[in-house]
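Please keep the sequence and the 3D view at hand while reading.

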Amino acid sequence: MTNPTETYYPGLEGVIAGETGISTISGGLQYRGYSIQDLAEKSTFEEVAYLLIHGNLPSESEFGSFKSRLASARAVPDAVYTLFRSLPTDANAMDVLRTGVSILAHHDADTGSNELDDSIAKAERLLAAIPTLVTAWARIKAGSEPVAPRSDLDFSANLLNMLHGAEPAEVERHALDVSLILYAEHEYNASSFTARVAASTLADLHGAVVAAIAALKGPLHGGANEKAVEVLEEVGTIDNAEPWIRNALETKRLVMGFGHRVYKDEDPRATILKRFCLEISPDRNATEWEEMATIIEKVMWDEKHLPPNMDWPAGRLYRMIGLETEIYTPLFVAARITGWAAHIIEQHSGNRLIRPRSNYIGPEPRGYVPMSERG
Ligand code: ACO
C-alpha cells in the first residue's frame, strides 16, 4: 500500500491536483496563452471554441471548415424531442440537458472511442448540438414548438434564434457571445475536475460531460448565475440595496455571485462583464439593477473583502438581453463544453487514474454483533 502524505487540505484548497496546458489563472486568466481580455475584446466564441478544442487559433480556412462542421451538426435526433415532450414541465433545465447529452451519446457512432480524432469530432458535435437541446427544452416547457437550427447564423445568433424564434439584435448576440467566451474555460474548477476524474477511468467523452453537467448545476458553481439574479429580485429597489446586504451579512447569509476559491481580490471575468453590463444597461432599461449591484458590491468589499465572481454580472447581462432565468446555467454548459472537452482529451492523453486517499475519521475497529443481539 502506498503511504499518503500527512497533510490534508479541506476542499483541496491550494492543492496542485494535476498539470494542464489549457488555461492558467496565474498572471491573469489565459486560454492557451491568450489573455481573456484580448479574447473577449477581439475574438468570437466560435474562435475560442476552436482554440480550446484544437489547441491553437484557427487559420481562415480551418475556421471556415470548423464553422461548417458545427453548422451541420446542430440538428438532434427525433428521439430527443420525443423524450423531452414526455418529461414533466417542471423538470429542471440542467437535469434535462444532462439527460439530453446522454441521449446524444446513444446516437453517436463514436461514443465509446477515446481515440484523439474521435474525441475531437465528438466534442465538436456536442458543442454544436447543446444549444439545440437547451432551446428545445425551454420552448417545449413553455408550450411552444422547438425552432430548427439554422446553418447560416453563427453560434450565438443561432442559439438566440432557436430560443425566441427570431433573429437577435446585434447587441444581444454580441453580449451572449462575450459571456460564452468568458465562461468557456477555467482550469481545475469543480466541473472540469469532475470531468477529468471520470475521464481518468477511461470513461468516454459523453460520460465525462454528463458528470460535469451534474457538478456545474450546483449553486456553489454554475448554478450561482441564476441565484445572483434572485438576489437582485429580492432586493428590488436601489434604496433597499444597502439595508438588504447589511442584513444579509449580519444574518450570515451566503450572497450568491460573490467569493471565489481562487480569486480573492478580483475575478477578471466579472470585471469585463460588469463593464459590458454598464455599457448596455441604459438602452436596456436596466440602470437601476446596475446601481443596486454596485451598492451591494461596495458593501461586500468593505465589510467582507469579497469580490463579485463571473456569475454576478452574467445573470444581469442575461436578464438584460431578455433571457429567462432558468436558461442561465444551461448557457454556462453551452460555453464550458469547450473547456471540458479540452480537459477530457488532455486527461486521456498521458492518463493516470485520479484516485487520492482520505483520512479515516470513523469508528474504531469493532466486532460484528448478530442482529438478534443488537439492542
Ligand atoms: N456570501 C457571504 N459570505 C461569503 C461568501 C458569499 N458569497 N463567500 C464566502 N463567504 C465568506 C465565508 O462564509 C467565509 O466567512 P468566515 O471566514 O467568516 O467563515 C469566508 O467568506 C471565506 O469563504 P470560504 O467559504 O472559505 O471560501 P471558499 O473558497 O470555500 O468558497 C465559494 C468559494 C464556494 C465560491 C463561496 O465564495 C461561495 O459559496 N460563493 C457563493 C456561490 C457562488 O457565487 N458561486 C460561484 C462561483 S464562481 C463560478 O462557478 C463561475
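## Basis of the model

This is a predicted model, in which local features need pLDDT of at least 70 and side-chain atom pairs count only at pLDDT 80 or more, while totals for chains, interfaces and linings use all residues. Residues are numbered from 1 along each chain as its sequence is written, and side-chain values use heavy atoms, with hydrogens and water left out.

## Helix 5

Helices (H or I, at least four residues) and strands (E, at least two) are DSSP runs, numbered from the N terminus. Helix 5 comprises the 15 residues 93-107. The expected span of a helix is 1.5 Å times one less than its number of residues. For helix 5 this gives 21 Å, which agrees with the 21 Å between its end C-alpha atoms.

A residue is called buried under 20% relative accessible area, exposed over 50%, and partly exposed in between (1.4 Å probe, protein chains only). In helix 5, the buried residues are A93, M94, V96, L97, G100, V101, I103, L104 and A105. They pack against helix 4 (78-86), helix 6 (116-141), helix 10 (205-217) and helix 16 (328-348).

## H206 in helix 10

H206 belongs to helix 10. Is H206 buried or partly exposed? Its relative accessibility is 3%, so H206 counts as buried.

Contact means heavy atoms within 4.5 Å. Neighbours within four places in sequence aside, H206 is in contact with V101, L104, A105, D108, T111, K122 and L126.

## Two positive phi angles

R32 is not a glycine, yet its phi is positive, near 45°. R32 sits in the loop between strand 2 (30-31) and strand 3 (34-35), and its relative accessible area of 25% makes it partly exposed.

E187, also a residue other than glycine, has a positive phi of about 55°. Its place is the loop between helix 8 (170-183) and helix 9 (190-200). With a relative accessible area of 26%, E187 is partly exposed.

## A nonpolar surface patch

Which residues make the nonpolar surface patch of about 270 Å²? Y9, L12 and V15 make it. Such a patch joins nonpolar side chains (Val, Leu, Ile, Met, Phe, Trp, Tyr) within 5 Å, from residues with over 30% relative accessible area and no salt bridge. A salt bridge is a side-chain nitrogen of Lys or Arg within 4 Å of a carboxyl oxygen of Asp or Glu.

V15 lies in the segment before strand 1 (23-24). At 35% relative accessibility, V15 is partly exposed.

Methods
Patches are made of residues with over 30% relative accessible area and no salt bridge: like charges are joined within 9 Å, nonpolar side chains (Val, Leu, Ile, Met, Phe, Trp, Tyr) within 5 Å. Accessible areas come from the Shrake-Rupley method with a 1.4 Å probe; for residues, only the protein chains shown count as cover.
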